[in-house]
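Please look over the model below before reading on. The notes are meant for someone new to it.

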Amino acid sequence: MSPLPSGPLTGAAALVSATRRLAEAGVPDPGRDARRLFSHAIGVDPGRLTLVLPEPVDGGKLAEFEALIERRAAREPVSHLTGSRAFYGRRFKVTRDVLDPRPETEMLVEAALSEPFGHVLDLGVGSGCILLTLLAEMPDARGVGVDLSEAACAVARENAMALGLADRAHIQVSDWVSRVEGMFDLVVSNPPYIARAEMEGLAPEVRDWEPAGALTDGADGLSCYRAILDGATEVLTPGGRLVMELGVGQAEAVGSLAVARGFAPVALIPDLDGRDRVIVLGLPQSGF
């Protein structure tokens, strides 16, 4: 793999070399990633990048860009290199301690926002992207986010502060609902749903860089749903909703687990590829 050319370079030349380098490393869409990392390294908004490409690149910024390209060639996610990821129109700090927010998870947010709520619980809060987005979109609501990882909770708290939501979001360490107090009319979760046998087939950016405990349950991919469904019956108010993201092919199994615990199926929401991605469950009112 050849290094970036030495000496003064224009932005355009640096991008060509970086794109070639990422392509050699097998990075999907190397041109897009090279542009994003170049924009980050030189401190220029991506929308203005074309304007500065004909200009020579400062030596220090070029060195920073080269270092970023080296790390991306090792398949480190772009969000780790830039330190943040866009989600539902906001930016969230991202580290190796949390999952990288993904576009399909915005479908969970949409489903949760389809009805009003006052008190929301996020099980497995991670970066806080789900909980904090819901609170930002519902200004009168308050919420609790829990995670088994203190490092993840620290990231979520930073994001809450950055978004001005720290007064309405309480983040704490808890093994699902074990340390949760109070009742909620909405419970949400994007749990570890990848089966242990599926981990090896994941993209290197996911398998090698994201926290394994947030990806897989180390078993059949369903054990976290069992725990969430059991816990939700303790903290969800009658008439409340439970909204969860699903792994591919899990809708029927999770639906059966839910019905066995007294939940009523409300909706299955497919992603853009037609796969059931979000399940909405209701806890019936007493006497129903």
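1. Basis. This is a predicted model, in which local features need pLDDT of at least 70, side-chain atom pairs count only at pLDDT 80 or more, and totals for chains, interfaces and linings use all residues. Residues are numbered from 1 along each chain as its sequence is written, and side-chain values use heavy atoms, with hydrogens and water left out.

2. Helix 1 with helix 4. Helix 1 spans residues 11-24 and helix 4 spans residues 59-73. Helices are DSSP runs of H or I with at least four residues, strands are runs of E with at least two, and both are numbered from the N terminus. The two helices pack at an angle of about 15°, and their axes are 10 Å apart. Helix 1 is therefore roughly parallel to helix 4 (angles under 35 degrees count as such). Axes are lines fitted to C-alpha atoms over the stretch in contact, and angles run from 0 to 180 degrees between N-to-C directions. The crossing is right-handed, that is, the near helix is turned clockwise from the far one by less than a right angle.

3. Residues in that contact. Helix 1 brings A14, L15, A18, R21 and L22. Helix 4 brings L62, F65, E66, I69, E70, R72 and A73. Contact means heavy atoms within 4.5 Å. By class, this contact has 8 nonpolar, no polar and 4 charged residues.

4. Helix 2 with helix 4. Helix 2 covers residues 30-42. The angle to helix 4 is about 140°, with the axes 9 Å apart. This crossing is right-handed. From helix 2, the contact uses D33, A34, L37, F38, H40, A41 and I42; from helix 4, K61, E64, F65, L68, I69 and R72. The classes are 8 nonpolar, 1 polar and 4 charged residues.

5. E210. Where does E210 lie? In the loop between helix 9 (204-207) and helix 10 (212-215). E210 is buried, with a relative accessible area of 6% (buried means under 20%, exposed over 50%, partly exposed in between, with a 1.4 Å probe and protein chains only). A polar atom of the E210 side chain lies 2.7 Å from the backbone nitrogen of D100. Leaving out residues up to four places away in sequence, E210 touches R96, V98, L99, D100, R102, E205 and L215.

6. M183. This residue sits in the loop between strand 5 (169-173) and strand 6 (184-189). M183 is partly exposed, at 40% relative accessible area. M183 and T237 are 54 residues apart in sequence, yet 6.1 Å apart in space, C-alpha to C-alpha. Beyond four places in sequence, M183 touches H119, E234, V235, L236 and T237.

Terms used. Angles under 35 degrees count as roughly parallel, over 145 as roughly antiparallel, 65 to 115 as roughly perpendicular and the rest as oblique. Ala, Val, Leu, Ile, Met, Phe, Trp, Tyr, Cys and Pro count as nonpolar, Asp, Glu, Lys and Arg as charged, and the others, Gly among them, as polar. A polar contact is a pair of N or O atoms within 3.5 Å; within protein, one must be able to donate a hydrogen and the other to accept it, and residues adjacent in sequence count only if both atoms are side-chain atoms.
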